[in-house]
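Here is a short note for a colleague who is opening this entry for the first time. Please keep the sequence and the 3D view at hand while reading.

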Amino acid sequence: MGKRAGVSRLFQSWFQALRADQCYAGEVNVGITCYPTYGGSGIVATELGLELAARGHEVHFITYANPIRLDPGTPRIHYHEVEVSNYPLFLYPPYCLALASRMAEVAETYELDVLHVHYAIPHSIAAMLAQQMLAAGASGRRRLPIITTLHGTDITLVGVDRSYFPITKFSIEKSDGITSISEYLRRETVNVFGVANEIRVIKNFVNCELYHPDNEKTGAAQYSPGREKLLIHVSNFRPVKRVLDCIRILVEVRQSVAAHLLMVGDGPERGPAEHLARELGVERHVSFLGKRNHVERLMPLAHVLLMPSTLESFGLVALEAMACGVVPVATKVGGVPELITDGEDGYLEAPGDIEAQAGRVTALLEDDSLHYRMAKTGRWNAAERYCPDKIIPQYESYYRDVIARS
Ligand code: GMT
């Protein structure tokens, strides 16, 4: 390259960087897509949108239903429903295509700067279609960058399924930015899919003002009239959560301490868990509460959270528990050890080891000073490391990087 061409190229890239910086040093106009029903990824996406809006960004949710924790009246929050019309020919309604059309429409009308999708399949593929539709139709429009956040089962269960493996790999390779909610999931994605692109780890967060301890445990008597201490489990009751273990742990714990278990959520393992509770004679000591919108009201009533999962890429519910001063007794799997320090702010045991998990719960319920110490450390760690002011700026800066690069 000649000297003049080199200088002109240098000037050009400096000018582009300056322009990108000027455009995006301020607020971002972001489209967010997630599974809006119950589940960790939808909760993270919704809370992220709310936090971004509170910081002055415009946030457009593009989903098939209003996300459960979203109040559509919130300033700078916009909700765009994806309608999936059916037709007798379609055995499977093509949701991905309806989503792509809606994404393109919203991106064009509201001049989105970036599309941020949570859970790879099918959201990132729909976003890519939208990106291509916009590029084909637009003259002079900036390319719409896509960021995909990986949450766990999109990689460890769905992604590795033979039917979805190639498209999941493609979606990771072709996204303009990829984030993962733990170091474990980043490593796993690289190992399983052999992808070479950078994956930025941005951990989950918890609203520490909403999720806070209640030392008086106000309202706990409603669930345990006999003043038994409360254990809590919150999940989508899928097999990966090992829901039946919660019932077995309760049976063991009740050999030494009076305890009552709150089971929050619903899913395929609820029926079997209810059946097991009856079979083991503890049905009076378990309350199946179903899906609840305000987990932050229930969580602080408990002393201990049970999270006996086979796998968790992060374990958001354990973070919510820690923020509420509830000690998690969990399993040493996936990204959980990045969140819980065994013996300091929770306990980690092997999946399926009922005796060990029950032993930890019993110790916490019998020893108030041990419980107090661990609960306090958990709240401290949650507030120090995982409050929105620690995590949201990481997303903001990543958005700006990806937009500038695109
Ligand atoms: O397992 C769930 O609760 C559902 C799933 C989801 O995608 O909604 O949760 C995943 O994402 C959560 C939020 O990032 C993580 O806290 C969970 O650990 C992760 N679940 C698994 O890895 C099994």
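How many helices and strands does the secondary structure of the protein chain come to? The answer is 15 helices and 13 strands.

1. Confidence. This is a predicted model. The mean pLDDT of the protein chain is 91, and 93% of the residues score at least 70. Residues 1-24 are a stretch to read with that in view: there the pLDDT is below 50. Beyond near neighbours in sequence, residues 1-24 have 7 contacts in the model.

2. Overall form. The C-alpha trace spans about 80 × 55 × 45 Å along its principal axes. The radius of gyration is 23 Å. That agrees with a compact globule, because 406 residues in such a globule would give a value near 22 Å.

3. Of the 406 residues, 52% count as buried. Take the contacts between residues at least 6 apart in sequence: 71% of these join residues at least 24 apart.

4. Surface and charge. The protein chain exposes about 18,400 Å². Carbon and sulfur atoms supply 51% of that area. On the charge side, there are 41 positive and 47 negative side chains. The centres of the two sets lie 5 Å apart.

5. The loop between E4 and H4. Two backbone features deserve a look here. As background, most residues other than glycine have a negative phi, and most peptide bonds are trans. Tyr119 is not a glycine, yet its phi is positive, at about 85°. Tyr119 sits in the loop between E4 and H4. Is Tyr119 buried or exposed? Its relative accessibility is 12%, so Tyr119 counts as buried. Pro122 is placed in the loop between strand E4 (114-118) and H4. The peptide bond from Ile121 to Pro122 is cis, and its omega is near -5°.

6. Helix H4. This helix covers residues 123-137 and includes Leu129. Leu129 has 33% relative accessibility, so it counts as partly exposed. Which residues does Leu129 contact, leaving aside its neighbours within four places in sequence? They are Leu97 and Ala100. Ala100 is 29 residues from Leu129 in sequence, but the two C-alpha atoms are 5.9 Å apart in space.

7. Strand E5. Thr148 lies in this strand, which covers residues 146-150. Why does Thr148 count as buried? Because its relative accessibility is 0%. Leaving aside neighbours within four places in sequence, Thr148 is in contact with Val117, Ala120, Ser124, Ser175, Gly177, Ile178 and Thr179. Ala65 is 83 residues from Thr148 along the chain, and their C-alpha atoms are separated by 20 Å.

8. Arg227. This residue also has a positive phi without being a glycine; the value is near 65°. Where is Arg227 found? It is in the loop between strand E7 (200-201) and strand E8 (229-234). Arg227 counts as exposed, because its relative accessibility is 67%.

9. Helix H8. Residues 243-253 form this helix, and H8 is mostly covered. How many of its 11 residues are buried? The count is 8. They are Val243, Leu244, Asp245, Cys246, Ile247, Ile249, Leu250 and Val253. What do the buried residues of H8 pack against? The strands are E8, E9 (259-264), E10 (286-290) and E11 (304-307). The helices are H9 (270-279) and H13 (354-366).

10. Phe314. Look in the loop between E11 and helix H11 (316-323) to find Phe314. With a relative accessible area of 3%, Phe314 is buried. Leaving aside neighbours within four places in sequence, its contacts are Ile181, Lys203, Asn204, Leu319, Gly335, Val336, Leu339 and Tyr386. Asp342 is 28 residues from Phe314 in sequence. In space, the C-alpha atoms of Phe314 and Asp342 are 15 Å apart.

Methods
Residues are numbered from 1 along each chain as its sequence is written. Side-chain values use heavy atoms; hydrogens and water are left out. Helices (H or I, at least four residues) and strands (E, at least two) are DSSP runs, numbered from the N terminus. The radius of gyration is taken over C-alpha atoms; the globule rule is 2.2 Å times the number of residues to the power 0.38. Buried means under 20% relative accessible area, exposed over 50%, partly exposed in between (1.4 Å probe, protein chains only). Contact means heavy atoms within 4.5 Å. Accessible areas come from the Shrake-Rupley method with a 1.4 Å probe; for residues, only the protein chains shown count as cover. Lys and Arg count as positive and Asp and Glu as negative; His and the chain ends are not counted. The place of a charge is taken as NZ of Lys, CZ of Arg, CG of Asp or CD of Glu. pLDDT is the predictor's confidence in each residue, from 0 to 100.
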